[in-house]
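Subject: Structure for you to look at

Hi,

Here is the structure I promised to pass on. Please open it beside this email and follow along.

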Amino acid sequence: MRILIVDDSFDQRTLLSLFLNNDFVEVIEAEGGDEAFKIFEQGGLDLIISDLEMPKGSGLDLLKSVRATSDLPFILLSGNPGIIPSMMIKQGATAFLSKPYKFRDISEILNRIFGNNPFGSVLFS
């Protein structure tokens, strides 16, 4: 399984990468939507987890570009308390989490998305 993490914060990318990386998951990182879209175009991703507000291409722009050709699971994250989660879902996000989030919340979303995966409960517990 290949997961792309997109965040302009090195610390946020690193923490999430450390949490997700295991024998069954390859984590790829990008610091903005523009870089992330180039990685997406190469194919082979199973999930994108992206911050919403970034200077080098927003998560929302990335989501719209991805949705133009794919229904790839896409989780949006934001530290902006003014963001309405239901609006992000209407824009095409599979799920939305406010920062700071708990890794348990990420695990629950991933198990919901990949529950039919034979490794689902092992991958994200």
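How many cavities of 30 Å³ or more does a search of the whole structure find? The search finds 1. A cavity here is a set of points on a 1 Å grid over the protein atoms alone, where a 1.4 Å probe fits but cannot get out. Volume is the space filled by probe spheres set on the points, with points joined across faces, edges and corners.

First, some ground rules. This is a predicted model, where local features need pLDDT of at least 70, side-chain atom pairs count only at pLDDT 80 or more, and totals for chains, interfaces and linings use all residues. Residues are numbered from 1 along each chain as its sequence is written, and side-chain values use heavy atoms, leaving out hydrogens and water.

**The cavity**

The largest cavity has a volume of about 40 Å³. Its lining residues (an atom within 4 Å of a point) include Ile5, Arg13, Asp51 and Tyr101. Strand 1 (2–6), helix 1 and strand 3 (47–51) each give two or more residues to this lining. Helices (H or I, at least four residues) and strands (E, at least two) are DSSP runs, numbered from the N terminus. The lining has 6 nonpolar, 2 polar and 3 charged residues. Nonpolar means Ala, Val, Leu, Ile, Met, Phe, Trp, Tyr, Cys and Pro; charged means Asp, Glu, Lys and Arg; the others, Gly among them, are polar.

**Helix 1 and helix 5**

Helix 1 (residues 10–20) packs on helix 5 (residues 103–114) at about 55 degrees, with the axes 12 Å apart. Axes are lines fitted to C-alpha atoms, for helices over the stretch in contact, and angles run from 0 to 180 degrees between N-to-C directions. That angle makes the pair oblique. Angles under 35 degrees count as roughly parallel, over 145 as roughly antiparallel, 65 to 115 as roughly perpendicular, and the rest as oblique. Leu15, Leu16, Phe19 and Leu20 of helix 1 meet Phe103, Ile106, Ser107 and Leu110 of helix 5. Contact means heavy atoms within 4.5 Å. These residues are 7 nonpolar, 1 polar and no charged.

**Helix 2 and helix 3**

Helix 2 (residues 33–41) and helix 3 (residues 59–67) cross at roughly 20 degrees, their axes coming within 9 Å. So helix 2 is roughly parallel to helix 3.

**A cis bond**

Most peptide bonds are trans. Lys99 and Pro100 are joined by a cis one, with omega about -5 degrees. Pro100 sits in the loop between strand 5 (95–98) and helix 5.

Best wishes

Definitions and conventions:
1 Å grid on protein atoms, 1.4 Å probe; cavity = no way out; pocket = protein on both sides within 12 Å on 5 of 7 lines; lining within 4 Å.
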